[in-house]
Amino acid sequence: MGFIDSIKAQAKACKKTIVLPETDDIRTLEAAVKILDEDFANLVLLGKQDVILSKAKSELSHLNTDILQRATFLSLEDKALLEELTALVVKLRAHKGMDSAQAKELLLKDCLYFGAALVKSEKADGMVAGATHATSAVLRAALQIVGTAKDSKLVSSFFIMVVPHSPYGLNGTFVFSDCGLCQNPSAQELAHIAVSSAKSFESITQNEPIVAMLSHSTYGSASHPDVDKVIQATQIAKNLAPAFKIDGELQLDAAIIPSVGQSKAKGSNVAGKANVLIFPDLDAGNIGYKLVQRLANAEAYGPITQGMSAPINDLSRGCSADDIVGVVALSALQAK
């Protein structure tokens, strides 16, 4: 069984409800057909049922689009729903000066806020969006409406990377973090990203996380303030989560290749065995995951958020329908 198939199987066992707000995008509708056919999550589709079904039927004639009727369709033309969600948004944003008229306008014009409000009101367990919206827009709605988890110090993101025919990581499976949200984390923030990512890896794969704090230096081979940040972050992370295997600073080859790890970081319990890779900043993380995705033909699922009070997950605007299917499966599992 492949990685994403195992995720779907776990998601099917708990059967959570995920909102897909971007129903004007045909990839979203194609993904919805596949998700409902595989039956590993319930779906809420935003918009008028007849409009959505008509679009799917005309543009996805190769698929059995009748299966979309299994979804729940919600539209803000439902006045009772609009009033309920408007009151919720006012309650959440009144401290920022938002009144009823502004909240209603926000919900009517922005499907991301509509979807996030459904999650906050517990009409759904999570949301997946970003096929037609920027990451910043998805996360803004998530943070303003759903908010952070009570025990969270920082909202960050990760990718699940599945590299075909790779002997490294967990049979080619890695968590890469942060590749989509935190621009230039401090040492403290980088440590929290590491601990959150370790927990995410453990939760999703049911395997032990082995965390490498990446740098252009291994064990003092280079001297620079950027290296110092990773060294400090490593120590903070170890103090925060002493039960996890976390080490750094490590170059990428020392982190994942056993022979190089043995040579460059002898005695490390992480070097050569890492399956969770923590990048020092967003430039490195974003470039790194895209290189692996494009040059190694890896499956890239994410960015998946961590630290939210409910799973609100982003998509690349270049995503495929199958990418959406994978992120919905991961979101359903997070909601468990």
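The structure is a predicted model, in which local features need pLDDT of at least 70, side-chain atom pairs count only at pLDDT 80 or more, and totals for chains, interfaces and linings use all residues. Residues are numbered from 1 along each chain as its sequence is written, and side-chain values use heavy atoms, with hydrogens and water left out.

Eight residues of domain 1 are in contact with nine residues of domain 2; contact means heavy atoms within 4.5 Å.

About 610 Å² is buried between domain 1 and domain 2. Buried area is the accessible area (1.4 Å probe) that two parts lose on being put together, summed over both. Carbon and sulfur atoms give 73% of the area between the domains. In domain 1, F3, L139 and L330 lose the most area to domain 2. Together they account for 55% of what that side buries.

Zero salt bridges were counted between domain 1 and domain 2 (a side-chain nitrogen of Lys or Arg within 4 Å of a carboxyl oxygen of Asp or Glu). On the side of domain 1 that touches domain 2, α1 (3-14), α7 (135-146) and α13 (321-335) each give two or more residues. Helices (H or I, at least four residues) and strands (E, at least two) are DSSP runs, numbered from the N terminus.

S316 sits in the loop between β11 (312-314) and α13. S316 counts as partly exposed because its relative accessibility is 34%, and that class lies between buried (under 20%) and exposed (over 50%), with a 1.4 Å probe and protein chains only. Not counting residues up to four places away in sequence, S316 touches G130, A131 and G302. Its side chain reaches the backbone nitrogen of G318 at 3.0 Å.

S75 lies in the loop between β3 (72-74) and α4 (79-93). A polar atom of the S75 side chain lies 3.1 Å from the backbone nitrogen of E77. Leaving aside neighbours within four places in sequence, S75 contacts G47, K48, L81 and F114.

Methods: A polar contact is a pair of N or O atoms within 3.5 Å; within protein, one must be able to donate a hydrogen and the other to accept it, and residues adjacent in sequence count only if both atoms are side-chain atoms.
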